[in-house]
Amino acid sequence: MGKVAVNHLFYADDLCLICPSAKAVQKLINICEDYGADSDIIFCAKKTNCMYFPCNRSALNVTPPSVKLYGKPLSYVPSATYLGVQITPDLADDDSIRKHTRHLYTKANSLIRKLGHCTPEVKRTLFMTHCTVMYCAQLWSSFRAGTIHRLRVAYHDCFKILLSLPRYTSNSELFVNMRVDTFDAKRRKLMHSFVSRLLGSENLIIKVLLHSEAFPSSPFWRCYCQLVRHRPL
């Protein structure tokens, strides 16, 4: 990014290497092996995977070069979860959104089965606690319109299921009367809060990202501007 090379990320015992080529990845892996030998650290080859990010979708079926750790070839995976974020080669968020949609229906059905006899106010609290938490929703920026629409419908339907109301109940009237954010309002709040922290961060990597030429034209920033009606940088 700019003149700063950001090719490795650490969080606790998780390590992520980011390189423009397989040759560069192999070079960093060799450095990790040497560091591990000096520090009595062994990297687990079974838990280590590679992911190939092609320049265009037509290259998704291309077989990438082999990369080895301790002489053993590492497997390439079609998707991976890093710190709770599901990553795919096309950098789309559809899989994460679909997963959250399934989770919503599962959670709502479980709550109505176990606590369906509770009062509406208690059910509101249960919904706020168990169904409004959308982990990493702030990062969703590349997805099909139909995918996010199905999640929006699931979010609203689950609240109606919990309250034993018909699906044709007005969303705006219901959520206003129950003092609960609709799906779009919840997502706007999450993204605005996240961007506020992002812009005010003192982290060097984040600062480099924010001042890079790629950030204003990124899908994330375009999605944020569209969602909260904010002016571009």
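## Two helices side by side

Keep in mind that this is a predicted model. Start with α2 and α3: they are roughly antiparallel to each other, because their axes cross at roughly 150° and any angle over 145 degrees gets that label. You'll find α2 at residues 94-115 and α3 at residues 120-130.

Two packed helices are described by the angle between their axes and the distance between the axes. We've had the angle; as for the distance, the axes of α2 and α3 come within 11 Å. The crossing of α2 past α3 is right-handed.

## Who touches whom

Which residues make the contact? On the α2 side they are His-103, Lys-107, Leu-111, Ile-112 and Leu-115, and on the α3 side Lys-123, Leu-126 and His-130. Sorted by class, that contact of α2 with α3 has four nonpolar, two polar and two charged residues.

## What about the cysteines?

A disulfide is a covalent bond between the sulfur atoms of two cysteines. How many disulfides does a search of the whole structure find? It comes up with zero.

Take Cys-32: its closest cysteine sulfur belongs to Cys-19 and is 9.5 Å away, so the two are too far apart for a bond. The cut-off for a disulfide is within 2.5 Å. Cys-32 also counts as buried, because its relative accessibility is 15%, and buried means under 20%.

Cys-223 is in no disulfide either, with the nearest cysteine sulfur, in Cys-225, 9.3 Å away. Is Cys-223 buried or exposed? Its relative accessible area is 10%, so Cys-223 is buried.

Technical notes
Residues are numbered from 1 along each chain as its sequence is written. This is a predicted model: local features need pLDDT of at least 70, side-chain atom pairs count only at pLDDT 80 or more; totals for chains, interfaces and linings use all residues. Side-chain values use heavy atoms; hydrogens and water are left out. Axes are lines fitted to C-alpha atoms, for helices over the stretch in contact, and angles run from 0 to 180 degrees between N-to-C directions. Helices (H or I, at least four residues) and strands (E, at least two) are DSSP runs, numbered from the N terminus. Angles under 35 degrees count as roughly parallel, over 145 as roughly antiparallel, 65 to 115 as roughly perpendicular and the rest as oblique. A crossing is left-handed if the near helix is turned anticlockwise from the far one by less than a right angle, and right-handed if clockwise. Contact means heavy atoms within 4.5 Å. Ala, Val, Leu, Ile, Met, Phe, Trp, Tyr, Cys and Pro count as nonpolar, Asp, Glu, Lys and Arg as charged, and the others, Gly among them, as polar. Buried means under 20% relative accessible area, exposed over 50%, partly exposed in between (1.4 Å probe, protein chains only).
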